[in-house]
Each structure stands twice: as structure tokens, then as C-alpha cells.
Amino acid sequence: MSQLICRELSLGYEGKEIIRNLSFHVDAGDYLCIVGENGSGKSTLMKTILGLRKPMKGEILTGDGLVSKEIGYLPQQTVVQKDFPASVKEIVLSGFQGRCGLRPFYTREEKRAALDNIRKMGIEDLKNRCYRELSGGQQQRVLLARALCATRKMLLLDEPVAGLDPLVTADMYSLISSLNKNEGITIIMISHDISAALKYATHILHISDELFFGTRSQFAESKAGKRLSQMKGGGD
Amino acid sequence: MEEMISRLGVFFQMPFVRYAFIVGVLIALCSSLLGVTLVLKRFSFIGDGLSHVAFGAMAVAAVVGLTNNMFIVMPITIISAVLLLRTGTNTKIKGDAAVAMISVGALAFGYLLMNKFPTSANVSGDVCTTLFGSTSIITLKEGDVWFCAVLSLIVVLAFIFFYHKIFSVTFDETFARATGTRANLYNLIIAIIIAVIIVIAMNLVGSLLISALVIFPALSAMRVFKSFKSVTICSAFLSVCCAALGILISILANTPVGATIVIADIVAFGIFTLIGGFKSGFKS
Ligand SMILES: Nc1ncnc2c1ncn2[C@@H]1O[C@H](COP(=O)(O)OP(=O)(O)O)[C@@H](O)[C@H]1O
Ligand SMILES: [Mg+2]
């Protein structure tokens with residue numbers, strides 16, 4: 001049984017379709033990379049999976065013990081207002097809000113788990129710092145720790161390395177990979193970076209005029225895969 | 001100095017002044033609580049628009065001649081808050097225009113009503129009171145004082161109860177929504193709390209000065225403090241101090257109470273800006 005099944009999805013805005021007839025599934029422990037050009041609808045797909053938007057057609061099912069509100073999410077460039085006063089601890093803890101319901105306060109276990117996640121992300125010394133004074137890479141780690149509080153099973157990451165320098169990017173990738181390997185968390189990640197996708201992912205979803213979904217090796221064999229990795233190789 | 005103390009003594013011997021003082025401080029406390037959320041969610045313009053709506057509603061209530069005008073003012077303001085919030089979050093620019101239209105419209109309508117159907121001989125005095133608050137703390141009406149006291153306590157309790165939820169939807173509404181927080185519900189609750197705050201604060205500082213009472217303490221606190229909790233606590237504390245100081249000065253110097261409180265808030269803002277400047281100056 002898959003954790004997430006998308007069947008014949010059509011997505012779009014105001015009656016205009018941007019993705020047509022998309023089907024794929026994600027099993028526990030998979031690492032799915034979603035690649036495609038800017039504006040091809042990757043973020044839209046992710047928002048639909050999270051239930052922030054409704055698909056125009058088709059359905060999204062969760063299974064294997066996954067409840068849709070237990071999916072952790074790292075948004076694409078969170079537009080946190082520049083001067084928001086919030087400490088790292090406050091932000092990470094807010095990852096538990098979804099499961100609180102009407103309960104007004106966080107439990108002691110939740111506070112401890114939040115600290116654990118902060119530690120896992122290697123930002124323990126920043127836990128009382130103000131979010132807006134951190135570097136881009138540190139901010140992404142904070143948001144990743146928050147996402148971890150919201151889930152034990154599946155993380156959706158929308159361009160987690162956008163705007164980070166190469167060293168920090170590599171760190172971020174290995175951090176995500178270790179969450180996948182060591183904690184068994186299913187990863188669905190949007191990325192522009194084909195070479196990273198081919199390095200870490202188990203499955204690839206390529207969104208363009210022609211949709212592709214398959215394992216990494218199937219993708220490497222496919223027409224689009226060959227073309228894209230060649231472009232990448234030629235460019236470097 | 002002695003004269004001042006004896007003047008204060010005379011005032012505070014009246015039990016009513018003591019109650020009014022406590023209520024004034026309570027109002028200041030709760031109006032500061034949502035300041036951060038209002039500023040950061042770009043809701044401050046809604047607060048401004050709402051206070052004008054409350055002015056219009058107040059005029060209607062005066063003309064209709066209700067004994068307790070809160071029965072009209074409160075529901076109208078709450079409904080407007082909910083409507084404005086909806087337009088404001090859907091389409092940013094249209095929302096701004098809608099607020100401007102509603103607030104100016106309500107002002108004009110309210111003034112027209114008060115002028116054409118005067119309830120007392122002193123129309124401009126009435127208008128002035130509704131716009132800028134009671135001229136002195138002793139002209140507050142006793143019924144209003146109790147009403148405000150009860151509502152302030154409810155607001156403070158509601159804020160504490162929803163504190164973490166308000167933080168979540170203010171900091172990152174998309175994430176909150178995606179992970180199962182009922183953001184719409186909490187936005188609604190925020191809107192209702194804002195409306196209640198505006199109506200009760202209107203008695204103290206009048207509808208034109210409310211925004212200052214709501215926003216200045218939060219802006220001041222944000223200059224110096226860096227976490228949501230510390231900013232919230234600091235702005236509540238600051239607002240209470242400024243209100244107490246403002247009321248005392250208004251008694252001593254015989255100045256309008258609302259305006260005096262707002263001036264105190266502005267002075268505090270200046271001081272906190274300086275402190276914030278020094279702090280970041282030391283670091284860099
Ligand atoms: N809120 C919106 N309303 C209308 N169109 C939108 C909206 N958000 C995105 N789009 C359009 O949908 C397309 C896909 O956007 P998006 O999913 O963000 O692409 P990607 O993440 O792949 O770069 C783009 O052409 C964009 O212009
Ligand atoms: Mg995107």
C-alpha cells in the first residue's frame with residue numbers, strides 16, 4: 001500500500017489547466033524528486049497534495065497510516081515579513097500546532113521533541129536567536145526542524161536549496177538524505193538541480209509537456225532524462 | 001509638587017475615578033496584545049477602518065437613542081471586521097481600497113447623522129468626544145466602565161488561550177494551513193478580538209486615536225526585543241505604563257486623556273527606537 005497516490009490529476013488556476021492527467025504514487029521510504037521548468041506547476045502540485053488547493057480533476061489518496069495533515073512542509077521561500085520577531089524555538093515548536101486542535105499550550109513532550117529536532121538540524125546554539133537575523137542556510141534548517149515537528153512520516157520540500165551557496169547546499173542535501181535513510185522519512189522534493197536529483201532520489205517526476213514518472217534509472221534512460229543530464233553536463 | 005499630589009488625592013478619593021483608572025489601564029493592556037499581529041499581517045489598515053466604522057455605528061446608536069449603544073456598535077464592528085478581513089486576505093489592493101471606502105463612508109455618514117439628529121445641544125462636543133475620546137476620565141459613563149472592564153478581561157483570557165495559534169497563523173499561514181491548523185477559524189477569532197478591542201478602546205481614546213493605542217506599543221517593543229513572547233510581554237507592559245502615566249498627567253495638567261496617552265506612547269516609541277539603535281550599533 002502506498003503512502004500517497006495521485007490519480008489522473010488535473011491542476012490549474014481559474015479554469016486553465018497547467019498539468020493534465022498526472023498519476024503517480026509514493027511508497028514509505030521513497031525519495032521522490034519533482035523536476036521541471038519554472039512555472040510548470042511544481043509548487044501548485046505540492047500545494048494540492050497538502051490540501052491547500054483542490055485539484056480540478058482526479059483524486060489524491062493517502063494510505064499506509066499517513067494522514068494528510070501529518071505531512072511536514074518546507075515552503076518555497078517563506079515570505080516571512082522582514083521584521084517578524086520570532087525566536088528559533090518558537091518557530092520550531094509551532095510545527096506541532098496542527099495536532100493541538102483546541103489545546104492552548106504545547107505539552108512537555110512536544111517541547112522536548114522540538115529541541116530534539118533543533119539538535120538534529122545542528123542549530124542548537126541558535127535556539128534562542130531571532131529568526132530574521134540568521135543566514136539563509138540557517139533559516140532553512142529552522143524551517144526543516146519545524147517541518148519535522150509536523151511529521152514523522154513524510155516531508156514535502158519546495159526548492160529547499162534555492163538561494164543557498166554550494167557548500168550550504170551540499171550540507172542541506174546530505175541532511176535531507178540522512179532524514180530519509182536514517183529516520184525512514186519519505187521525501188518529496190522539488191528541485192531544479194538534475195544532478196542532485198539523480199544522485200539522491202529513488203524516483204523522479206518530471207513535469208513538462210510530457211509527464212514522466214519512474215525510478216531514477218528509468219529516468220536516466222528516458223529521452224527527457226538523457227537530454228537534461230546532457231544539458232547539465234555540457235553546461236558545467 | 002504638593003499641590004499635584006493633593007490634586008491627585010482629590011481625584012482618587014472618588015471611587016469612580018479609581019475604577020476608571022483601572023479600566024483605562026485594562027483597555028491599554030488588551031489593545032496592545034494584538035498589535036504585533038496587526039502590524040505583521042498588514043492588518044493595521046483594517047484596525048483604522050474599523051475604528052471609523054465604530055464611529056458611524058456610534059452615531060446611529062445615539063440617534064436611535066439606545067440606552068446602551070454597545071448593542072449596536074459591537075455587532076456592526078464585528079461584522080465589518082469579518083468582512084474586511086475576508087476582502088483583505090483575498091485580494092490585497094482591492095482590500096485596501098475597500099477599507100478606505102468603508103472607513104471614509106462611515107465617517108461621513110456618522111457625522112451627517114450626528115449633525116442632523118442632534119441628541120444634545122453640543123453637537124461638535126459630541127463629535128469630538130466620539131473622535132478623540134472623553135476629555136477627562138471623569139466624563140466616562142459608569143455603565144461603559146463596567147462594560148469595558150468585563151470585555152477587557154475576556155479579551156485577555158481569549159488572547160492567552162489562542163496565543164500559540166495566533167503566533168502560527170501570523171508567522172506562516174500557509175504552513176499552518178498545510179499542517180492542519182484551522183487558519184480560517186483563527187483569522188476569524190483574531191478579527192473578532194480586534195473589533196472588540198476597538199469598541200472598548202473607543203471609550204477611552206476615541207475612534208481616531210485607537211490605532212495608535214494598538215500599534216505603537218508593538219512597534220516600540222519590536223525595536224528592542226526579538227522573540228514573539230518577549231515582544232508581546234514588553235508591549236503589554238509598555239502600553240499599561242503609558243496609559244497609567246497618560247491618565248495621571250491628564251488629571252494633573254488638565255489635558256484630554258486619550259491624546260495624552262497617545263503622546264506618552266509616542267515618547268516611549270522614541271525612547272525604544274534609540275535603545276534599539278544603540279543595541280544594534282554595539283553588535284555591528
Ligand atoms: N495564485 C495563482 N493564480 C493564478 N495563477 C497562478 C497562481 N500561482 C501560480 N500560478 C501560475 O501557475 C503556473 C505554475 O506555477 P508554480 O506551480 O508556482 O510553478 P513552479 O513551482 O513549477 O515554478 C505558473 O504559470 C503561474 O503563473
Ligand atoms: Mg515553485
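User: Why is Ser43(A) called buried?

Analyst: Buried means under 20% relative accessible area, exposed means over 50%, and partly exposed is in between, using a 1.4 Å probe and protein chains only. Ser43(A) has a relative accessible area of 18%, so Ser43(A) is buried. Please keep in mind that this is a predicted model, where local features need pLDDT of at least 70, side-chain atom pairs count only at pLDDT 80 or more, and totals for chains, interfaces and linings use all residues. Residues are numbered from 1 along each chain as its sequence is written, chains are lettered from A and ligands numbered from 1 in the order in which they are written, and side-chain values use heavy atoms, with hydrogens and water left out.

User: What makes Gln76(A) partly exposed?

Analyst: The relative accessible area of Gln76(A) is 32%, so Gln76(A) is partly exposed.

User: How do you know which residues coordinate the magnesium ion (ligand 2)?

Analyst: Donors are N, O and S atoms within 2.8 Å of the metal (3.2 Å for Na, K and Ca); water is not among the atoms, so sites may look incomplete. Here OG of Ser43(A) and OE1 of Gln76(A) coordinate the magnesium ion at 2.0 to 2.4 Å. Ser43(A) lies in helix H1 of chain A and Gln76(A) in the loop between S5 and helix H2 (88-93), so the pair ties together parts 33 residues apart in sequence. Helices (H or I, at least four residues) and strands (E, at least two) are DSSP runs, numbered from the N terminus.

User: Is Ser40(A) buried or exposed?

Analyst: With 13% relative accessibility, Ser40(A) counts as buried. Its place is the loop between strand S3 (31-36) and H1 of chain A. The side chain of Ser40(A) also reaches the backbone oxygen of Glu37(A) at 2.6 Å.

User: And why is Tyr73(A) called buried?

Analyst: Tyr73(A) has a relative accessible area of 2%, so the label buried applies. Tyr73(A) sits in strand S5 (residues 71-74) of chain A.

How values were computed. Polar contact = N/O pair within 3.5 Å; in protein donor to acceptor, adjacent residues only side chain to side chain.
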